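Have the structure open as you read.

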Amino acid sequence: MFIPTYQQAKQIAETNDQFYMKHDIVNDIDVSHFGYKLPGFMDFAQPLGHDNVDAFEMRGISYDHSTGLHSLMLRKFFSLNQTKGYMLDDLKSKKILYAQDKIDGSLVRFMNINGEIVAKTKNSFQGIHCDIANSLVKNNPILAEQLMQSFEQRKAFIFEMVSPDNKIVIDYGDVTQLSLIQVRDEETGAYEDIRSYTNKGIMNASNMVSGINTWDDVMTFQQDVKDVEGLVLTLEDGSLVKAKTVWYDDMHDCVWEGNKTNKKLLKMCVNATIDDAVSMLSVDDPSREHMDTVYTKYSQYVAA
């Protein structure tokens, strides 16, 4: 598993315009971190045009220039049937080890910068997401102690954070919490079996989904389950795959991205998700009437 040095990450950002580098001064320390815009698969696989360097870690990797240490986020991975290597034909021979609920929150990890625990999202050390995460650790000394131990062990504890102040699509009510979703070895990048953390309590690593053992199970879940974003699958080779539900894709695309074309609305009629979308719109949203009209005409056509 390739982990770029700072100089390699910098070269990727300077050479391939789909990646970028940011600098922040955090607790008087110079920290560099990296992200991406809209790269394709080959931008990740060969960002410099050859096989010696890849960019799958350029999804928030950070470098503390006072220590020379890097801090990982999640290695870039894709959705089922999204791109090369993730098509069902590519994956169907691989065993699914376990499935997790793909929590619809914000990805957060913590770093030890100049002796202080600091929250970081993929893109920043600032903003409401970091403020909430820092507050959660400040008010939980046991979690803070576990994080300090993880820094010493060079383990990356990666969380998904949900909060009513941070709602995306799924409504988690008044809950504000961090859920541990992955643990990685900072030096090798290897993922640990998250199931060994399930009963740790304070880490809230309890988002396992039972009954997902085959690829047929995955596709049935995608089609039938509502009110969840989807699954993250860990395969026998240690790789990760996303499998989003049809319901979530429709809600995100129509309600939050504003894609209310007739083609999209008809697709949602077929998927039986349009009622959910209408219910999420404000009562004075001008598109409610049009969506109701499309659904009525579709229902009349099917009944004819």
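Two strands count as paired if DSSP finds at least two bridges between them. The model you see is a predicted one.

Strand 5 (residues 96-101) pairs with strand 11 in the antiparallel sense, and isoleucine 96 stands opposite leucine 235 of strand 11. Strand 11 also pairs with strand 12 (residues 240-244), again in the antiparallel sense; here glycine 230 stands opposite lysine 244. The hairpin of strand 11 and strand 12 has 4 residues between the strands, and glycine 238 takes a positive phi near 90 degrees in this hairpin.

Next comes an open sheet of 4 strands in the order 7-6-8-9, with antiparallel pairing. Strand 7 (116-120) and strand 9 (177-185) stand at the edges with a single partner strand each, so one side of each has no neighbour in the sheet. From one strand to the next, the twist averages 30 degrees. Within this sheet, phenylalanine 110 stands opposite alanine 119 in strand 7.

| Strands | Bridges |
|---|---|
| Strand 5 and strand 11 | 5 bridges |
| Strand 11 and strand 12 | 5 bridges |
| Strand 6 and strand 7 | 5 bridges |

Helices join the picture too. Helix 4 (residues 128-138) lies across strands 6, 7, 8 and 9, running at about 145 degrees to strand 7. Helix 5 (residues 141-153) packs on the sheet as well, and its direction makes about 145 degrees with that of strand 8.

Notes: Residues numbered from 1 in each chain as written. Predicted model: local features only at pLDDT ≥ 70, side-chain atom pairs only at ≥ 80, totals over all residues. Heavy atoms only, no water. Helix = DSSP H or I, 4+ residues; strand = E, 2+ residues; numbered from the N terminus. Axes fitted to C-alpha atoms, helices over the stretch in contact; angles between N-to-C directions. Contact = heavy atoms within 4.5 Å.
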